[in-house]
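Let's take a friendly walk through a protein model, one piece at a time. Keep the picture beside you as you read.

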Amino acid sequence: MLKISQLHKSYPIGDSSLHVLKGIDLEVNEGEMVAIMGSSGSGKSTLLNIIGILDDYDEGDYTLDGVVIKDLTEKKAAIYRNKFLGFIFQSFNLINYKNALENVALPLYYQGMKRKERQEKAKYHLEKVGLLDWAHHLPNELSGGQKQRVAIARALAADPKLLMADEPTGALDTTTSYDIMEFLQQLNDEGKTLLIVTHEEDIAAMCKRVVRLRDGVIMEDKIVEQVRAATVNV
Amino acid sequence: MMKFLFDRDTWQEVWDSMTKNKVRTVITMVGVWWGILLLIGLLGAARGMENSFNRSFSNFATNSVFIWGQSTSMPFKGFQEGKRVVLKLSDAKRIEENVEGIEFVVPRNQSQGFVVRGMLSGTYNIAGDYPLLDVVQKKKMKKGRFINQNDIDRKRKVVAISEDIYKQLFEKDEEPIGELIRINNMNFQVIGIFEVSNFGGPQSEMHIPFTTFQQIYNQGDKIGWMMITGKPEYDIKQIEEDAKLILKNLNKIHPQDKRAFGSFNLGEMFGRVTGFLVGMQFLTWFVGIATLIAGVFAIGAILLITVKERTKEIGVRRALGATPFEIKRQIVVEAVFLTLIAGLFGIITGGWILIALDNAFGQGDDAQIVNASVSIAIVFLALIILVILGTLIGLIPAFKATSVKPIDALRDE
C-alpha cells in the first residue's frame, strides 16, 4: 500500500546542505499500525512530511496505493493529500473560528462535496468520536482530548487510505493520551492503516510495528506485541 | 468560477474571516470608504461651484471686451499729449467691419438721470442702448420688454428700469408698464422691469433707446463706450488689440499709446476663473484618486498581515487538500468583496454629503453651489477601478500565502 525505497532528502543550509534521510526503505501494508520513533533530528518528521506529500524528496521511489509520488504540482499534491491521507497533528490544528462540525467538514468541502451531504458525513464522523453533542462548539470551548477527537474525525472524514499522526498525544496528559490511543486502535481494528510518529515508548508499544530511525537511516524495524490501551491502568 | 461565486460556502468563508477579524475589516473598509467619499464629495462640490459660476454668467456673452476713450499719453501727428479721446458711432462701425472674429459691436452711452414720480425721486445711471444689448447681456425681464428697433427708429421716450428703481418709485404690486416717470424733466413711459445680475461688468439701472439718448443729451455721433463680443473660436485678447489699433488709427493716436483707451476684458477674466475651476477639478481628481489608492493599499497591507497570521490555517487547509488556486481565490474574493462593499458604502454616504451641501449652500438664485452632483458614469468608473485595484492588491497576499510550503506553514508555532 505504501512503498518507499532508497529515499534521500537533504536540506540546504547556507552554502552546504544537511543530509537528513540517507536511503530509507519502508513498506507498509494495509491494516498495519506503525510507530515511527526517533529522537529529534533523526529525520522522522521529514519522513512523515514526505509520506504526507507535504514535502518532496531528492532521490529514491515512493508509491502510495499504486500511484508514484514524484515531482507533483501543488495542485496534484493537494488532490492526493485529500484523497489518500488524513492528518492528525500534535497541536490539533483546528481552525479556531469554525465549530467542530465545520472543521470536520472542511476536507469534504475541498473534495467538492455538496453542503448537505458534507454535513451528514461530518456528523457521522463526529458521532463516531463521541462528540456529536459538541458539534456547534468552537475549538476553544473544547478540552485538549476533545480537540484531538475532532481532529481525528476531520482526518477520517475524507475516508483516507492512510491516517498519519504526528505526535498525536504530545500535547495531552497520560489519561487522555491513552483514550486517544484506544480510539486509534479501534480504528485500526476496523481496518484503517495508521502511521504514528512518537517519541514515547508507551505510545509506540500500543502499535503493532515499531520503526526506529537514527541519523537518517532505519535502525530497527520490528513487529511488536500490541499493548491494548484499554487494559492499561494509569 | 460562477458556481463558486454563487456558492453559499464561499460567502460563509468570507463572512467568517471578516467577522473573526473585526478590527481589520473595519479599518480596511474605512480606508476605501473615505477615499470614495472624498472623491465624490470633492467632485460634486467642484461641479456645483462650476454650475453656480456658469449660471451666473449664462446671461452674458463672456467672450467680450469693453472699450472707452480716455486721454492720450503721447504726442502724435501734431497733437499734444493729453488730448481727450472720444469714441464715435463711426468707430464702432469700422471695428465691426475690419476686425476679424467680431460677433457684435454694441455702442453705448451713459449718464446720470434725476428721476421723479409723484412725490418720489432719485438719481440713477441712465444708458442709451440698442436692442442688441439684450443679446450680449441678456436682460432678465420681470415685466414688459426691453428696447426694440421701433423705439430706436422713432426715438421714442420709453425706458426699461431695474427692479430696484421700481421698488423705490412704485407701490408694491402696482402695475408699472405704461406708467410715466420723469427723467431730467422729460416724461418717459416705462416699458419693462429687469433684474440686475451681480456678474458681467458694468450694469445700468435704466435703459432708454440709443437714439433718444443722443437727442436729449445732444450727443451727436459721440458714444461713451462700446462692448465688443467675439465669436467663440476667436481669442478676445487679440480682438481687443486689433480694435484698439484701428481706433488709434482713426483717432490719430500714437500706436504705442497705452493710456488713450480704457478697457475691461471680460473674456480674459472669465478665462481666468474657468482656468481656476478646471484646476480645481484636476486637483479634486488627484486628491480623490490618491486617497482611493492609499485606501486600497491599506487593504493590501492589512490582508498581507492577516495572511501572515493565517499562515498556519492556510497550511492546515492545504494539508486537508485545498489547492493553491482555491486558497488564492478565497483571498482575492475577500479583498474584492471588502473593497466593493466599502466602495458602495462610500458612494452612498458621498451622495448624502452632496445632498447636505445642496441643502446648505444650494438653495436660492445666488447659491454658491448649484446642483452639486457626480455623473453615474464617473461613479461606476471609480467603482470599477476600485474592484480592479482590489483584485490586484488581493493577489499579493494570495501569492504570498501559497508560496509558503504547507509544511513550513504547519511548523510555524
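In chain A, helix α5 (residues 144-157) packs against helix α6 (residues 174-189) at an angle of about 20 degrees, and their axes are 10 Å apart. Because angles under 35 degrees count as roughly parallel, α5(A) is described as roughly parallel to α6(A). The contact itself is built from A:G144, A:G145, A:Q148 and A:I152 on the α5(A) side, and from A:T176, A:D179, A:I180 and A:F183 on the α6(A) side. Sorted by class, the contact of α5(A) with α6(A) has three nonpolar, four polar and one charged residues. As for handedness, α5(A) passes α6(A) in a right-handed crossing. Before going further, please remember that this is a predicted model.

Now turn to chain B. Helix α10 (residues 266-309) and helix α13 (residues 376-403) of chain B pack at an angle of about 25 degrees, with 9 Å between their axes. That angle makes α10(B) roughly parallel to α13(B). The crossing of α10(B) past α13(B) is right-handed. On the α10(B) side, the residues that meet α13(B) are B:L292, B:I293, B:V296, B:F297, B:I299, B:G300, B:L303, B:L304 and B:V307. Their counterparts in α13(B) are B:L386, B:L389, B:G390, B:I393, B:G394, B:I396, B:P397, B:K400 and B:A401. In this contact of α10(B) with α13(B), 14 residues are nonpolar, three are polar and one is charged.

**Strands and hairpins in chain A**

What does the secondary structure of chain A come to? There are seven helices and 10 strands in chain A. The table gathers some of the strand pairs.

| Strands of chain A | Sense | Bridges |
|---|---|---|
| β1 (residues 2-13) and β2 (residues 16-28) | antiparallel | 10 bridges |
| β3 (residues 33-37) and β9 (residues 209-214) | parallel | four bridges |
| β9 and β10 (residues 217-223) | antiparallel | six bridges |

You can find individual partners inside these pairs. A:L7 stands opposite A:I24 in β2(A). A:V34 stands opposite A:R209 in β9(A). Across from A:V211, the bridge partner in β10(A) is A:D221.

The hairpins are worth a look too. The hairpin of β1(A) and β2(A) has two residues between the strands, and A:G14 there takes a positive phi near 60 degrees. The hairpin of β9(A) and β10(A) also has two residues between its strands, and in this hairpin A:D215 has a positive phi near 50 degrees.

**What is buried in chain A?**

Chain A has 234 residues, and 46% of them count as buried. Helix α1 (residues 44-51) of chain A is mostly covered, with eight of its eight residues buried. They are A:K44, A:S45, A:T46, A:L47, A:L48, A:N49, A:I50 and A:I51. Among chain A contacts between residues at least 6 apart in sequence, 68% join residues at least 24 apart.

Most residues other than glycine have a negative phi. Against that background, let's visit a residue in each chain.

Just after α1(A) comes A:I53, with a positive phi of about 55 degrees. A:I53 sits in the loop between α1 and β4 (59-64) of chain A. Is A:I53 buried or exposed? A:I53 counts as buried because it has 22 C-beta neighbours inside 10 Å, and the cut-off for buried is 20 or more.

In chain B, B:N185 has a positive phi of about 65 degrees, although it is not a glycine. B:N185 lies in the loop between β7 (180-183) and β8 (186-195) of chain B. B:N185 has 8 C-beta neighbours inside 10 Å, so it counts as exposed.

**Where the chains touch**

How many residues of chain B are in contact with chain A? There are 19 residues of chain B in contact with 21 residues of chain A. On the chain B side, the elements that give two or more residues are α2 (8-20), α11 (311-319), α12 (324-361) and α14 (406-411). By class, the side of chain B that touches chain A holds nine nonpolar, two polar and eight charged residues.

How values were computed
Residues numbered from 1 in each chain as written. Chains lettered and ligands numbered in written order. Predicted model: local features only at pLDDT ≥ 70, side-chain atom pairs only at ≥ 80, totals over all residues. Contact = placed C-beta atoms within 7 Å. Nonpolar A, V, L, I, M, F, W, Y, C, P; charged D, E, K, R; others polar. Axes fitted to C-alpha atoms, helices over the stretch in contact; angles between N-to-C directions. Parallel < 35°, antiparallel > 145°, perpendicular 65-115°, else oblique. Left-handed = near helix turned anticlockwise from the far one by under 90°. Pairing = 2+ DSSP bridges. Buried ≥ 20, exposed ≤ 12 C-beta atoms within 10 Å, placed from the backbone.
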